[in-house]
Structures are given as structure tokens and as C-alpha cells.
Amino acid sequence: MAKEFPFRSMRDWLEYLDDHNDLVRVDTEVSTVEDIAAFDYHSVRTPGNPCFLFENVKGYPGWRIASNVHYGRRRQAAILGIDDVSHLAREVGLRLDKRVSPMEVSTGPCKEVKIFGDDIDLTRIPFCIGGEYEGTPNLTAGLSNKMDPDTGWQNIAIRREGIAGPRTFSEQLVQAQQDFQIWAKYQMRGEKMPVAYAIGVDPLSYMISQTKMPPGVCEYDLWGAFTGQPLEVVKCETSDLLVPAQAEIVIEAEIDPLAEELDGPFPEFAGYYVPLTWTARAEVKCITMRRDPIFYYMAMGLAPNEGLDMAIPMQAGTLYNVLSKQLPGIINVHEQAHAIYIVQVQKAISKTIPQFAQLVGQAVKVAIPYACATLVVDDDFGEDLENYFELVNYMYNHFVATKDLVVIPGALGSTCNAAEFYAGGIGRYDYYVMDLTEKMPPWDEGYKRGKAIPGKGALARVEKELWPAVFGSALK
Amino acid sequence: MGKFDRTDIDIEKIWHNPSDYQRINRRMLYEAREWFAQHAEELWEEYKGKVVAVRKGEVLAVGDDTIKMKAEFREKEPEDSVMIMLIPSDPIRRIPRPIDVLKGAS
């Protein structure tokens, strides 16, 4: 039977892609050292953005590696069960309050094989190197699960974990993220923090991990917001953490409150390498997996890349959800690049409420503490917030820096922004808001002049009559 | 049985019978990494701004160009057995830990 939404495992999703001729199965030998990352690099710059299942991995007989399967709005809409691809973020935002708690089951495919003690050896898993400056491989597609020791709240996020040894990971925990705040509690207690990295989970779990929920809300609750059903989870072997039962691989570890590990350099989705850094050290305690596991590699580095692309509708959807409760006139939200947001508002509102764009910008910063910038546009921008040319047009025609720019110096940064070194050091950045909306008189000259495009009548006549006559098919 | 379920793969057997690549090359790479971390401060003092090729316990080569050094080692060493790392010019950064902040405040 053909696989349809909701997809309960990564291999269900692979089957759907394969059935729709949207999966390239590669039997040519490839190396984990940069080859797979290079396939992804070319794919996201190629029409159709092929995604892959590599079935002949050098040095890893029997292992398969999937990649790029969450790239592109069309695939993401199918994963989320949303038909309206052009308003993906808004549709995500509208669903985020309908949460369903996950359902714990006694066991699952991720428990078919269990490895403890001296048998633990990360050299046996085909971790990949994605960039030429990486000294050793990184785990790029692990859901990092951590639990608040006071409340039992479980937080899920994708982090980059460096493979620092056969039984050791490094993990950068940064102050603008919720898991840093959980780590702080373990440090105060002088206790080790359990962590579980789930690799090769179902595609919806990957996507919901990219939302920004308030403390106390587990991202797994959002699986049901999209499907109406609970996500099946299973308890870890060495802690009370819950992980998706259908995961391909789960690596359980403990992060020492004091021990440090050298991390990086690794390609981050902000576009540059994160440099060598002393950070948290995780000791692996157990590995569980399917009997025939499929590893997952998620490309990071210079955009476009799968990691950032998958996060865009989810982070923008989170913002839509939060902003539309706090402010009137929010139409849509988009994440243009890492931590740079475009918020579209109704002109009727933005022209009525003084400093409305600043209000929007400050609300964004509260919802996503590491936000770098917010650009506020209005209805006239059109429906496609990913239209780069229109954005540049707005920055040219509707923006006067001395009047329309608000800067909050020394605000929290993301730690992967290379410009933070100018702004005061790691984790600090001058957050700014650009007001690109139509201004109150007399600053609406451009609008009085009108947009310089052919008339609606001519556009419709070419679309409906002349284009099909010339090309023999409808304008797409 | 799903289309991507494979009965011919048994990870337990594979796990306990690793390929030479996993058993030798990858292990050497991770051991190089561990040794590098243990000696990071002194290596930074000596080689900051340089590219180093590291094997457990020794620096095999020092240069300025990562791509060139990778190409050289690809010729003479098994793939992935040597860690080639650009050492930053600035001191290795440290993400502040909550416990450090508290110590500073007391």
C-alpha cells in the first residue's frame, strides 16, 4: 500500500518519495568525506533539487545514507499535510496550538539492536564530513533530546555534535537556546545531564524540532498538531528521555557538568564555519538502532542548504503564531536567511499606529531571542515573501536609514553569526528592525507614483490568450 | 515489509566485524582528534594560523593550505586516517558555562 501522510518513519517518507519518482538511489560508491555533502550542494542549486539514498558507502558495507529529503517547499508541504504551499508558514502557525501529547509505547524498531559498554564505537557509524576545514565528522541530523530536571519538560532541537572520539561527542550549548538553560540547572546541581540523539526520525519530527516553543512545551506535542494523532515514543535505556520509536538510530549519552571538549570547526547553516570552541562533552552510554539502519546526513553550510531550508517554514510559522496573538494586521512571515525575518503587515494598520514596525520587531526578538534582524513589509509586497527582487526594491524605495532603522545594540546573538565579533563577542549582536512599510504622508511618494508594471488588462490578456498561443501551453 | 526494509542486513554482524576503513582509518582519525584536544592549548601556541596534519601523538606536517595538504595526504596515507585542521589565529574560544558565570559573580 502506498505511503501517504502522516509519515511515521523516515523509511515511510523515502517510500513516498520513491513512489513519486522523487528519490535518487545511488549505487555508485561515495565517500563520507565530503562526497555526500557535495551531492547536496549541487542538488540545492539544480532544478528539482533531487534527494538521495546512498546505498554504496565507502568503508561502510551494509550502511545506507539518506540526504536532502526535507529540501523544498513542495516536499515540506507534503510532510506537514498542508496543501497551500505558497502560505506554508502561515498554515504552520495556525496549527501550532492544537497539540497532542506523544504516546509512550513499550518498544519500537529503534530498539532492535542494543549496544552497551566496550562495544560502543562511533567509528562504526558513517558520520560525514561536510566541509574542507572540518577536522573530524559531525552529526548534523540528530534530534538532541534533553529534560528539565525540575519539571520533566523535554526539549528537542537539532544541534551539531562533533565526533570527538570513539565514545565522545562535543555539543555547543549556547545561551540563547532553551537547552542551555536546562544545562544550567544540571550544572547548579553538579549532576550529569542525560541526552539522547535520535537519527533518521520521521520527517515531521525533524520539522517540528525547528519550531520555537515556550519553555515547558515539548516539540513532540506538535506532531499531533499536524496529524491529529500522537507521536509514538519509547523510553531510553539509560534515562527517562523519550525518543521517536521509529527512529533509525538513537545514541544515548551524558553531558558532564564540568568536563570540556573541543568542538568544531563545522559548517553552520549561517554560511560560515563555526570555529574551534571549548564546549560541552558528552560520553556515550548506549546505542540502539534498527537491524538494518539508514543513517541520515543533513547538509549545513552556505545557503541554500537542507538544514536552513527545513527550518524556514517552521520558525516563520512560530513567529506567525506568536505575532498574530499579540498584534493586529499580521499577514505572513518568512525567514529570509538564518535569523533574519520578514514580517508582512496590513498597510491599514501600519499606517495608523505610529512605530508599528518597531512593535513588530520587538515582538520578534522576544519570540526568537537570537533573531538578528526583522524587516517589516506591507500588503503591496505581494504574496511571495521569498521574492528577493521585491525585497531589494523595498529596501531601495521605501527605506531611509536615518528614519526607518531601529537598532538594539548588544542584544543576544546566535553565536554562529560571524559579525558578532564586531558587536562585542560571541553571542552578542546589534539587533535591528527595518521599516519597509508605506510611510505616513509625506513619505508615500512611491505609492502615489504607482508600481511600474504593465496594466492588469495587458497582463491578463497575455496570460490567458497570447502566451498559450505563442508557447502552446499555459503560463506557469 | 516496507520497500526500504532489508532482511539481508544485520547490523549486529556488521558492527562486530567492521571494515578495515572503520577499524583502522576512522579510529586513527578519532584518536588524532582526542590527542589534539588534549594538547590544544600548546598546539595553538605553536601553530596558530597554520594548517596541521595530526596523527595521535604527533604533528606530521605544517602548512598554509588545507586543500593542498589534504591532496598530499590523500596520495600517501589511507583516506581519513590523519586529521588535517586549520588552527585559528585567535585563541580558541570558549562558550561561557553557567557555572563559570556564577563563580565569577561570587
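This is a predicted model: local features need pLDDT of at least 70, side-chain atom pairs count only at pLDDT 80 or more; totals for chains, interfaces and linings use all residues.
B:Val51 sits opposite B:Gly63, a residue of strand 2 of chain B.

The three strands of chain B make an open sheet in the order 2-1-3, with antiparallel pairing. Strand 2 (58-63) and strand 3 (83-86) of chain B stand at the edges; each has a single partner strand, so one side of each lacks a neighbour in the sheet. Look along the sheet: neighbouring strands are turned by 25° against each other on average, direction ignored.

Next, select residues 66-76 of chain B, helix 4. Helix 4 packs on the sheet and touches strand 1, strand 2 and strand 3 of chain B. Its direction makes about 170° with that of strand 3.

Chain B holds five helices and four strands, and along the sequence they follow α-α-α-β-β-α-β-β-α. The radius of gyration of chain B is 20 Å, well over the 13 Å that the globule rule gives for 106 residues, so chain B is more spread out than a compact globule. Its C-alpha trace spans about 60 × 45 × 25 Å along the principal axes. Colour by burial: buried residues make up 25% of chain B.

Finally, move to chain A and select residues 306-326, helix 8. Of its 21 residues, 18 are buried. Centre on A:Ile312: a kink of about 35° lies there, shortly before the proline A:Pro313. What separation do the end C-alpha atoms of helix 8 of chain A show? They are 31 Å apart, which agrees with the 30 Å that 21 residues should span at 1.5 Å a residue.

How values were computed: Residues are numbered from 1 along each chain as its sequence is written. Chains are lettered from A and ligands numbered from 1 in the order in which they are written. Two strands pair if DSSP finds at least two bridges between them. Helices (H or I, at least four residues) and strands (E, at least two) are DSSP runs, numbered from the N terminus. Axes are lines fitted to C-alpha atoms, for helices over the stretch in contact, and angles run from 0 to 180 degrees between N-to-C directions. Two residues are in contact if their C-beta atoms, placed from the backbone, lie within 7 Å. The expected span of a helix is 1.5 Å times one less than its number of residues. The bend at a residue is the angle between axes fitted to the seven residues ending there and the seven starting there. A residue is buried if 20 or more other C-beta atoms lie within 10 Å of its own, exposed if 12 or fewer, and partly exposed in between; C-beta atoms are placed from the backbone. The radius of gyration is taken over C-alpha atoms; the globule rule is 2.2 Å times the number of residues to the power 0.38.
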